[in-house]
Amino acid sequence: MFAKLALGYPRDHPEVERIFSAIRQSLYQDIEDDFYHQQTCDAHIWNTALAMQALGSCGILTNSMPLRKAAQYLLAKQHRIPDRLMKNKGKQLGGWAFSSNNTCHPDVDDTVASLEALAPLADECAEAWWQGIDWLLSMQNRDGGWSAFEKDCNQFWLDWLPANDMKRAMIDPSTPDITGRVVEFLVNHKILSCWDARVRKAIYWLRNHQEADGSWFGRWGTTYIYGTWCAVKALVVVGIPSDDESLRKAKGWLLSIQMEDGSFGESCQSDLCGKYVELSFGLPTQTAWALDTLLYLYQLEVEPRIRQRLWLAAWRAARWLLKQGEKGRWHEEIPTGSGFPGALHIRYHIYPKVWPLIALNHFQKCFESVKRAPMKGGEQSVRPQTFEYVP
C-alpha cells in the first residue's frame with residue numbers, strides 16, 4: 001500500500017482500494033474481550049482441521065452437521081492452482097494452506113491436519129484424499145525429513161547474510177515436529193508400513209535430530225514440548241521399543257520438566273535461546289501436548305516401575321487440566337505457536353479449546369483400560385479408582 005502511494009497512485013485508485021479491502025477483511029474482533037486486532041492472515045483451514053479432529057476424538061459422528069459442513073469447507077479449499085515457483089515440479093496440486101485466501105502455495109503441516117480431519121470420510125472423497133497424500137509424499141526432503149513449504153530448502157549459510165533480519169526464517173529445513181506428524185499420519189492410516197523405506201529414512205532423521213537432553217525442537221510450536229510430542233508419537237506408532245535409547249531419554253526429559261501442580265509450561269524464550277526455558281506457571285495447550293505424549297509412552301511401556309511413573313504423571317496433568325477448565329473452556333495469554341522461528345510467536349485462540357479436549361479424551365480411554373486391567377504388584381498405590389472433576 002505504501003509503495004503504491006509513493007509511486008503516485010491516488011488514494012481512491014482501485015489497486016489501493018483493493019489493498020485496503022484486504023486489510024479490513026483481516027480485522028478480527030475478539031468475542032471474549034471485545035478488542036480489535038489486525039491479523040496478518042487468517043487460520044481458517046488450520047483451525048477447521050483441528051476442530052474436526054477434536055470433535056472426532058469426542059465421538060461426534062462424521063454425519064453430524066458441523067463435521068459435514070467443515071469437511072465440505074476443507075474440500076473446497078484444497079489447492080487446484082499450481083505454484084510454478086516451487087521446486088516440487090509436477091506435484092503442485094493436492095495440498096492445503098494455512099489461510100483461506102492462499103490458493104496456490106500449500107504447506108505440509110496444514111495438508112497433514114486436513115487429511116487427518118478428513119480421514120473418517122476418505123472413502124467419500126477418495127480423489128481429493130489420494131491427491132493430498134500424493135502431494136504429501138512428494139514433499140519428503142532428500143535428508144528423510146519434511147519441512148513446511150518447500151523441498152530441500154536447507155542452505156543454512158543463508159542465515160548469516162548481513163542483510164537478513166529474519167535469521168532462521170530465511171530457510172525451510174526438515175523439522176522434528178512436521179516430520180513426526182507426517183510419519184504418524186502415514187503409518188496410523190496404513191498408507192505406508194513402518195518398514196517402508198521412506199518411513200525408515202524419516203525415523204533415522206528423527207533419531208539423529210534429538211537434543212542431548214532427550215527433547216526435540218519444534219519449529220512451529222513452542223517449542224521443545226511441542227517438538228517432543230510430535231517426535232514421540234511417530235516413534236511409538238512405528239513400533240520403536242520402549243527401552244530404545246531415544247524414548248528412554250525422552251521419558252526422562254518429559255518427567256523432569258513437569259511442575260509440582262502437574263502442569264507443563266514453556267516460554268517462547270526457548271525458541272530464542274535454543275534450549276528449554278520453563279515458565280513459572282503451566283499452560284493448558286502445553287500441558288495437553290505433554291499429557292498426550294505421556295499417554296503414548298505409557299501405552300508402549302513394558303517395565304512396570306516406569307509405566308507407573310508415566311501413568312502418575314499423566315494423571316496429575318489430566319487433573320490439572322480438569323481443575324483449570326471453566327465449563328469446558330481453557331484460557332491462556334502466552335503464545336504457544338511460532339510464525340517465524342526466533343522472530344514471531346503466535347497466540348492461537350483455538351489451541352486451548354482443542355488440544356486439552358483431544359488429550360483428555362485420550363486419557364479417558366487409557367483410564368478405562370486401566371480400571372479394567374487386573375492389579376499388578378505395586379500398581380494400586382498410583383491407580384486412582386475414580387477420576388472426578390475437582391473444582
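**Close-up views of a predicted model**

**View 1. Helix 9 and helix 12 run roughly parallel to each other.** Keep in mind that this is a predicted model. The axes of helix 9 (residues 224-237) and helix 12 (residues 284-300) cross at roughly 25 degrees, and angles under 35 degrees count as roughly parallel. Those two axes come within 9 Å. As helix 9 passes helix 12, the crossing is left-handed.

**View 2. Helix 7 also pairs up with helix 9.** Here the axes come within 8 Å and cross at roughly 30 degrees, so helix 7 and helix 9 are roughly parallel to each other. Their crossing is left-handed. Look for a salt bridge between the side chains of glutamate 184 and lysine 233, at 3.5 Å from N to O.

**View 3. Lysine 4 and glutamate 15 form a salt bridge.** Their closest N and O atoms sit 2.6 Å apart. Lysine 4 belongs to helix 1 (residues 2-6) and glutamate 15 to helix 2 (residues 14-25). Lysine 4 is partly exposed, at 24% relative accessible area, and glutamate 15 is partly exposed too, at 28%. The structure holds 11 salt bridges.

**View 4. Trp157, Leu161 and Met170 make a nonpolar patch on the surface.** Methionine 170 sits in the loop between helix 6 (126-138) and helix 7 (176-188), and is partly exposed, with a relative accessible area of 36%.

Conventions. Residues numbered from 1 in each chain as written. Predicted model: local features only at pLDDT ≥ 70, side-chain atom pairs only at ≥ 80, totals over all residues. Heavy atoms only, no water. Patch = residues over 30% accessible without salt bridge, like charges linked within 9 Å, V, L, I, M, F, W, Y side chains within 5 Å. Areas by Shrake-Rupley, 256 points an atom, 1.4 Å probe, with all protein chains shown as cover. Salt bridge = Lys/Arg side-chain N within 4 Å of Asp/Glu carboxyl O. Helix = DSSP H or I, 4+ residues; strand = E, 2+ residues; numbered from the N terminus. Buried < 20%, exposed > 50% of the residue type's maximum accessible area, 1.4 Å probe, protein only. Axes fitted to C-alpha atoms, helices over the stretch in contact; angles between N-to-C directions. Parallel < 35°, antiparallel > 145°, perpendicular 65-115°, else oblique. Left-handed = near helix turned anticlockwise from the far one by under 90°.
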